[in-house]
Amino acid sequence: MPKYDCLIVDDEEALSISTCEYLNMFGVKTYWAADEKACFDFLAENRTDLILLDINLGQSSGFEVCKKLRSTTNIPILFISARTSDDDVLLALNIGGDDYIQKPYALSIILAKVKTVLKRYRSDADRLNFGSFTMDLTAEKLMKAGNEVKLKAMEFKLLAYLIQNKNRPLSKEELFSNVWNDAITSDGTLNVHIRKLREKIEENPNDPRYIKTIWGTGYVFEAD
């Protein structure tokens, strides 16, 4: 799935294009969507780490788009709008917006804010926490109470994928395709890796707290 740094959702074509070009010029890979449909069409085929979202989107509202986004993702959403009332700002922040930037804005200010938010978000995203464990995706280490839990490369990759998709049933076929990048990986290979992970992270591997089996289907990683 293609990956972008920033998605601009705004029906002001000239401003959006200039903002998009400016961010791209400074190494922030950015895409522009003019309305709600274009936004969700883009997200169905691509990933982004940040959304710049206007309030007035023709037939729809940025507020409604934000609510829909927050039902599926926690990525940062920065509202960009010419509306300046306190009620609009408070509503934007209360429904899940991370910041509110008033138009007209300076492109240099947008760039600075975007880079700051991306740096903070990616720093948080590089660490996955569950129970007393922390996974550092950059260093490829699993830590428990300050001590490293040794994992082989494929064990780490499998556990990371399970956690990143926590509380969602994962079929064996999905795990084969996305962890091993191979649709014909054997059940035995997967079962051995699951057993090894349970031995390393579960208090009782025979009665797992985190990695649960869904008989006939696959597995689910259960965590808050």
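Trainee: What makes strand 14 and strand 16 a pair?
Mentor: Strand 14 and strand 16 are joined by two bridges in the antiparallel sense. Strands here are DSSP runs of E with at least two residues, helices are runs of H or I with at least four, and both are numbered from the N terminus.

Trainee: What are we looking at?
Mentor: This is a predicted model, where local features need pLDDT of at least 70, side-chain atom pairs count only at pLDDT 80 or more, and totals for chains, interfaces and linings use all residues. Residues are numbered from 1 along each chain as its sequence is written, and side-chain values use heavy atoms, without hydrogens and water. The chain holds eight helices and 16 strands.

Trainee: How many aromatic pairs does the whole structure have?
Mentor: The search finds ten. Among them, Tyr4 and Tyr31 have ring centres 5.8 Å apart and planes at 70 degrees, so that pair is edge-to-face. The two residues are 27 apart in the chain, with Tyr4 in strand 1 (residues 3–4) and Tyr31 in strand 3 (residues 30–33). Rings of Phe, Tyr and Trp (its six-membered ring) pair with centres within 6.5 Å; planes under 30 degrees apart are stacked, over 60 edge-to-face, and the rest tilted.

Trainee: Is Tyr4 buried or exposed?
Mentor: Buried, at 17% relative accessible area. Buried means under 20%, exposed over 50%, and partly exposed in between (1.4 Å probe, protein chains only). Tyr31 reaches 36%, so Tyr31 is partly exposed.

Trainee: What kind of aromatic pair do Phe130 and Phe221 form?
Mentor: Edge-to-face: the centres are 5.3 Å apart and the planes at 90 degrees. Phe130 sits in strand 10 (residues 127–130) and Phe221 in strand 16 (residues 218–221), 91 residues apart. Both are buried. Phe130 and Phe221 share one aromatic cluster with Phe133 and Tyr210.

Trainee: How do you know where the charged end of Lys29 sits?
Mentor: The charged end of Lys29 lies over the ring of Tyr4, 4.5 Å from its centre. The rule asks for NZ of Lys or CZ of Arg within 6 Å of the ring centre and within 35 degrees of the ring normal.

Trainee: What is the phi of Glu140?
Mentor: About 55 degrees, a positive value in a residue that is not a glycine. Most residues other than glycine have a negative phi. Glu140 lies in the loop between strand 11 (133–136) and strand 12 (141–144). Its relative accessibility is 55%, so Glu140 is exposed.

Trainee: Which peptide bond is cis?
Mentor: The bond joining Lys103 and Pro104, with omega about -5 degrees. Pro104 is in the loop between strand 9 (99–102) and helix 5 (107–125).

Definitions and conventions:
Pairing = 2+ DSSP bridges.
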